Structures are given as C-alpha cells and as structure tokens.
Amino acid sequence: MKSRTRLIALLVVVVAGMFAAFAGSVHAAKSAGATLTIWTDQNRKDAVTTVANAWAAKNPGVTVNVVAIQNFTDQRDKLGTVDVSAAPDIITAAHDWTGQLAANGLVEPIYLSAAVKKQFPAYTLNAFSYGTAIKKLYGVPTQIENIGLVVNTKLVKVPTTFAQLESEALAYKKAHHAAVGIAVQQGSGGDAYHMYPFFSGLGGYVFGVNSAGNLDPSNIGVASKTLLAHASLVDKWNKEGLINSAVDGSTAQSLFLKKQAAFWITGPWNSQLLEQSGLKFKVIQVPKIIDNAVPFLGVQGFMVTKWAGVHGVDALAQDFVANYATTPSAQVSLALADGRYPANTTAGKQVTDPVLAEFGKAGVGGVPMPNIPQMNSVWGGLGAAWVKATKGSGATKAATAFKSAAHAIAEAIG
Amino acid sequence: MSATTAPIPSNDGGRASWLPRLISAFSGTTGLAVKLALLSAGNGLAVWAIVTLLAKHQWIAVAVLVAATALIDLLYFGGARTVPAKFLIPGVVLLLGFQVVPIVYTVAVSFTNYSTGHVIGKQDAIKQIEITTLQPPENGKAYTMAVAHDASGRLVLLLQDQLSGKTFVGTQKGLTPAAPGLIHASGGVIESAKGYTILHGLALFDLDKTLQTYVVPVGKAGIRPQSTTTAVELQPTLRYDAKRGVFVRLADGAVFRDNRKGSFVHGQEELEPGWKTGVGFANFSSIIHDPLVRSPFISVFIWTFGFAGGTVLLSFALGLFLAITLNKKGMRFQRTYRSILIIPWAVPGFLSLLVWGGLLNDKFGVVNRIFHISIPWLFDANWAKVSCILVSAWLTTPYFFVVSLGALQAIPEELTEAARVDGGGPFQIFRRVTLPLLLVTTAPLLIASFAFNFNNFGNIYFLTNGGPFTGNSSIAGATDILISYTYKLAIAGGKGQNYGLASAITIIIFFIIAGISAISFSRTKVLEEVV
C-alpha cells in the first residue's frame, strides 16, 4: 500500500467512526421525558407492569420501564454496583433487605399519610423500618408470607395441642414405618427459617429489642433461658424421630405427597402444588409448645432507590410507591399474581382463596425476620444447631448445640 | 471436525492449497474492505466511549483509550513491519480485558473498606445522612400539595393540612395561610387556586430536582415535597458543618467526626451510611489479627490441600487404571466402554453434584439403602470430607481417563517390548518405563487440575455448602475450602458483604496457587530430562 492510499484509508476509518458515534448519541438523546425504571423478578413482572401502567395512565408524559432481574435477591446485590444510567428508581424488595440497603445509603425514606398507615398491620410497616438512631420507613408493604403446618386431613386429625401433634405424627410414623413424623426441611446446610416455629415455640428469639424499639444485635436469644430450660424436648423429638435433619427441601415435599408423612411445614409458594396433588389438607399454625410456635414473617414491597433522585424522578417514584401501590386494588392484583397474601387489610378481606387465607391465619402473631444486616451472621449458625441436635443417632444435645451457636453468632457479629 | 461433515478435499495437495487461498483472499480488496469495516466499527465504539467518559470526567480513561485506539489504527496500516503486532494485538486486548482488569480491580478493592455500609462515595453518604436523619417534629403535619407558579412566575407550594383541612401557600421564605376560598381542594387533590397556575404533567415532573431541595421553613422544621401530590413537615436532627467536615447533633451538640475508615463517629455511635474509602493494609492485617478470620483459616487451609490433592490423585489413579485396562488390544466393545466412562464428564457438573447430594443423604439416600449401611455421608465432618473427594474424583476421572489413554497410545510399543525382552515384569515395566513417560505429558495437567480443584467452589457449594458445621465457627464448616470460606466470610460475617476482606484473601490464595504451580512446573522439567 502506498502511503497516500494508507492515509486515505485511515481518514475513512476515522470518519466512519465519527458517524457511528454520532448515530449513537442521537439515539441516546431521544429518550427525553420522565421514565420510571422498576426492577422486579420474572414471576412478578406482569403484575407489576399492569399496576405500574395503570398508575402511569394517570400521569400523562410518564413511561414505566419494568425490568425483570433473573434472581429476586439480585436486585439487592446489584443495586450498589449498577451504572447510573441503568439503575432502577424503584425495586420490589423483601423486608429483610431493609437494614443492609439503608446502611449502604441506597434507598430513600418514605412518609405515608396517617390514613394509609391505618390500612396496614403495624408489623408490616415495622418490618420495613430501620435506623440505628432514628427509625425510618424504607419500603411500602405489598405482600406477606409465612410458613404453616400442612395437615393431611384424610390421614390424621387436625391437632389442637402440641402433644396431640406429637402423638398423631408418631403413631402415623409407626404405622407406616416412615422415617420421620413431621416433614420439615433442613438438610446438611440447615434451615433456620423452616425450623423457626419450633425455635419460637421453645422460647428462643434471634435479636432482642432495645429501649429505642430497634433490634439489638448484641442481645442474641439463640440460647435464651426458656429455650435452654426446655431444650431436652428437642432431644426427645430427635430420639422419637419426630423431626430429622436429613430431610431436605425435596425430601420433605415427596414425603408428604407420597403420604409417608402426614404433616409438612411449608409456605404458600407450594399452595398450587398442594391443590393439584388431590390430597385433602388444612393449613394451621404449629400448636403452642412452651410459647406460641409462630413462624417467621416475610413482607415484600416496593422501595424507592437513591437513583430516583439522581434521575430526577423522585417525586414520581414516591407517588407510585406511597400513594398508588398502597391502594387495595393495586395490592390485590400484586399479591394474587404470585400467590401471596396482600399486606393491606382491606385488600386482605377480598382474598377468597381458602388456602391463602389459611396460610394467613397460620402467621398470626408471627415475627418479621430481623431486617438488620447482622442477620447474615445468624442463618448459618442457627441452622447448624438444629442440624446437630436432630440428626438422629449421634446427635449433639440441643442445649449444647444452641449454646455453641449463640457463641459463634456473637463472635461472627463482632 | 469430523470426517463426515467437514469438506476435506480428497488428496493432500488440495488440503494444502485451501488455506493459503483463504489467506490470500483476505490480502486483496476484500481483505481491505473487511479490515476497514472492522476498524471503523472499533473506532466508532471508541469515539462513543470517549464521549461517554468525557461526560463523566474520566480523564485518564479517555487518554488511555485515545492512545490505544490510535495505536491500533496505526499498527493495522503499518505495512509489513508491524505484521507480528497485528497478530498479537487481539490476544493482548482480550488478556487485558478478561485477566488483567479483574486482577487490578480485585487488588484495588482489597485496599478499601468496600462492605455493607461502605458502598457509596463520601458526598453521597453525607447527602443520605442528611436525608435519613430528618424527623417529623411532634405533631408534625402532612400536607396534600400542588406545585404552582404565582402571578410573577415564582415557584410556590399550595398546601392543605391532611388532618385539619386548612390551606396554606408555602414559599422558600415561609408558610402563609391562604385566604378562605382561594384554594379549591376536593378528595385529597388541590384542583385550582385563584391567581396561581398549577403545574401538571411534564411541566411538574421536570422540576423534580428543584423540588428535592425546596423547603418551606416552619420554625426549626421545614415542609418538604415528598411525592408529586404530598408534602411533609420534617426537622433535621443533625447539621453538617461543611467547613470542619463534621456532623453536629442538634439535640446535644455531639460532634461526629470522620474516623478515616469511612464513617462519621462519636464515641461508639456511628452514622449510617458510611462511604467507600482506602484503608491501606487493614484487610490483610485482619486476616492475621482477627480471631474470627484467623482461627478457622489454618484448618480450612489444610483441608483445601487435602481436597485438591486427594481429588487429583484419586481421579488420576482411577483414570489411569481404566485407561490401561481398556487399552488392551483385541478387547471387545472397547468403544462402548470408553463412551460410557466419559458420561460423567458430559453431564453438567452442578447437576451431578446435586444428584450426588441426594444419593448420599444418610436416611433417604440410595447409596445407604442399596448397601444396607448407615454412613453419615454428609452429616459427619470426616465422612463429608470423604464424600467431597469421592464425588469430585467421580467428576474428574473421565478427564484423566481420556488424557491417560492418549498418552499411553503415544508411548512406542518398542520400549515396553524391549523391557519385556530384558526380563522386566509387568509391574516393573509400568513403574520404570510407562509411568515416567506418561508423567512427562500428564504432569502439567495434574498441576493444572490441582490448581483448579484448589479453587473448586462449585463442588463444595453444591454438594455440602461447606457443612456440616462442627466447631465453634458460625462461618466455616468442615468441608469449606479457602475459596468457599472466603465467599462465606464475604457474605455472612459481621454485617455481611465484606468485599474488601474477601479480595484480600483472594490475593493470598492467588499467591499460594502461583507458588505451588511454579514449584511444580520446575519439578516437571526434571521429569523431562529423564527422557
């Protein structure tokens, strides 16, 4: 190639590049007007889109861009590293992310009017509130969920006391040479969430509350006095084979569906499966042991991110979340779309699905999962204590297991 | 390329000619056109990136990008002198993109406090602290709001107290009660006001950033717009003193100072959020000094060696054994056997691992049921370790089977023949002749496999997730290897998500593996000299 041809070629390349860049910038400049980006997951995308579009129709000039993130929790994990241009203004969140996201400074406080607050159970709002000094509301609850005790009513009677549950389950186990009495999932990794009804029933708690009404990470109740005093019950259950840690998620499900267990502890995400199974069942709260055997409560809802302010759509995002997503009609369509119970009490009365309603009742008095970031240090240790104490032969004494878990958790929190 | 699908010419002469023809096709006009198109696309991308970076004031990145683009353009028009560079450039770019950048990023993160509570920048953190420490005063009011222009075009807020229904006009100077009948509101919406133009639609939405800082002062508190139709009365509890760079609590005058670790603190009290900042060697020193990190480190470290070494040795031994067995001449169904043995390799690893997790379940697992045993495969610390090695070996054996088979077939038969003539027994021949020759080709693969298993996060995560937990650590389980332990430390310790600490440990793991590999490779040179 001669040097002149070379020069011309170079010129062509540079000019072509400029054109490409120009075309790109023109395309980028087109997107004027107010756009609200909402992150959610695939399951909820349709419901969120419907609700958001209904709201956008009332606000001419606003377009809503609903993005389905593959994993629900990815919303939380990507929020800190996402580029401003792609960042969401609103996310659909689980309440136990509140502490972490607020401590990271990624979400904005929300102020609900007194009239709206009245429509929600206090615990749902509390679940989304966080602050080491000043407690703030960071999310608007839309759905609640909790696990319950599913009873196969054709095989056993619905128990009203724990002693009844124990004897029914063990009698069934004996009659059918089954492996366990109650199918509750653990596996070698442990599952503190599904074991919580037993934990709370024995008087255990995760974090105490300080004088300001905030969860106190230095007050750990994994080895509370009541729990230790009655820990021998766990040893008894283990010996009888009432529960066993070898049961993992899929085993628990198949035990119940194949009638090798008449009791199953699970959540509303399996309600469709239950209805299709053809089994006759009823969902109740685990009967009182020493204290009420309440489940952990999960609340889901919307949060406004700090990016809304950066994008200049803060007021709009707040309007959607605080004024529109709280209305009964929006709550009903959001909740029913993924088989959960609406947080708004007026909306709750409109739920006719009997299974959902039974799960709702099974959660009465439940404890919202702690929403402070220190909870990350609890799941592993608490789950492991249950695994050790209920692994059949060779199990650790429950009192020892919970004491060492409490110690390890305190150490991990630091 | 298989013989049935690829268009391989019939004779060797044809095979030799198509490649040069292909190359020559790219040296002519077609080649120039392709080259120009690719370069133009590259330049277009670069110009677009430069524009974007300029908008974000990333000057260094712009300089690097301009220089790199110019260099690439010049090289590809540089004629014969730059031919070697033309072949090197794509590789170098990919190396930089996929290897060097992540490494540099990891090293950079390891010197910061990037973790829960330290994610955003300092200016952002100050802004967030100011927003989140606002508090509704006692009997604080909430208002229905409309944003409007007054007769002279100034921005005002038309407000209605949600409880009492009284109406007000708010400006940045203060709040004045509206004359009766001035503001018409119904059903929680302010509809009109005489002498004011209420803003709707985009006219209102475009003012968002102005409204974010619009405050109607009321005593110590202020009324701030919240949504497009509501406002709320809030009172600051902290004041940021920009001159001194500290927060002062208004109630008691407590001063929150920058602790140089990315937080404003006053004694034990810490304001959230903090910010991301450099902390020097703090993460590295906490590996040594923090008992939470240090105490499980040693046992995890030893087990990591055991896991990687055990997996490699076992799978190599099994693979070699099978290869020798199936390398026998005149064996029937040889191909079938070989195909079956490769199956574990063809199934996605994580699937096999999850299936194995089920098979090894000590109460319901198939393994215990078939053999009528009750071994706590996953629930006992030592058995869980055995399970990890067995399952990993099961996954890796086909690889070593294939490799050994190839290596065995490459060993000339004359050598073993000669050894037999010299009176060597089968075991002696294997030990003195076959194995050393085999190791020449497979030793680097053994080292690579060791390094891979040293960091085999997937196997541990999907099979045991580090469990069972035996000791007093809430973080490290009995089968946690360094990398899964690092992962747990990053998400499960303290407030969770300690990326800085995790990066620091990652760097240490890198040095361990690099050291092992370097030593091992220098050893294999000794092996080569034997031949």
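**Ground rules.** I number residues from 1 along each chain as its sequence is written, and chains are lettered from A, with ligands numbered from 1, in the order in which they are written. Because the model is predicted, local features need pLDDT of at least 70 and side-chain atom pairs count only at pLDDT 80 or more, while totals for chains, interfaces and linings use all residues.

**Chain A overall.** I looked up the secondary structure and found 19 helices and 15 strands in chain A. Helices (H or I, at least four residues) and strands (E, at least two) are DSSP runs, numbered from the N terminus. I then took the box along the principal axes: the C-alpha atoms of chain A fill roughly 90 × 55 × 50 Å. Of the 414 residues in chain A, 53% are buried. A residue is buried with 20 or more other C-beta atoms within 10 Å of its own, exposed with 12 or fewer, and partly exposed in between; C-beta atoms are placed from the backbone. I also checked contacts, which are pairs with C-beta atoms, placed from the backbone, within 7 Å. Among chain A contacts between residues at least 6 apart in sequence, 77% join residues at least 24 apart.

**Where A meets B.** I find 68 residues of chain A in contact with 65 residues of chain B. On the chain A side, the elements giving two or more residues are α1 (3-29), α4 (98-103), α14 (314-324), α18 (378-389) and α19 (398-413). Helix α1(A) gives the largest share, 13 residues. By class, I get 33 nonpolar, 27 polar and eight charged residues on this side of chain A. Here Ala, Val, Leu, Ile, Met, Phe, Trp, Tyr, Cys and Pro count as nonpolar, Asp, Glu, Lys and Arg as charged, and the others, Gly among them, as polar.

Chain B is divided into domain 1 (22-110), domain 2 (134-235) and domain 3 (289-530). The bounds come from an automatic or database domain assignment. Over C-alpha atoms, the centres of domains 1 and 2 of chain B are 55 Å apart.

Of its 211 residues, A:A183 and B:L158 touch the most other members. Domains 2 and 3 of chain B both give residues to this core, so it lies between them. Beyond its neighbours within four places in sequence, A:A183 is in contact with A:V247, A:A252, A:L255, A:F256, A:A261, A:F263 and A:W264.

**The five-stranded sheet in B.** I traced an open antiparallel sheet in the order β12-β13-β14-β15-β16 of chain B. Strands β12 (238-241) and β16 (269-270) stand at the edges with a single partner strand each, so one side of each has no neighbour in the sheet. Pairing requires at least two DSSP bridges between strands. Strand β15 (264-266) pairs with β16(B) over two bridges. B:V265 stands opposite B:E270.

B:E272 and B:P273 are joined by a cis peptide bond, with omega about -5 degrees. B:P273 is in the loop between β16 and α8 (282-289) of chain B. B:R260, not a glycine, has a positive phi near 65 degrees. B:R260 is in the loop between β14 (255-258) and β15 of chain B. B:R260 counts as exposed because it has 10 C-beta neighbours inside 10 Å. B:H372 also has a positive phi, about 50 degrees, without being a glycine. I place B:H372 in the loop between α12 (366-371) and α13 (381-410) of chain B. With 6 C-beta neighbours inside 10 Å, B:H372 counts as exposed.

Terms used
Contact = placed C-beta atoms within 7 Å. Core = buried A, V, L, I, M, F, W, Y, C linked by C-beta atoms within 7 Å.
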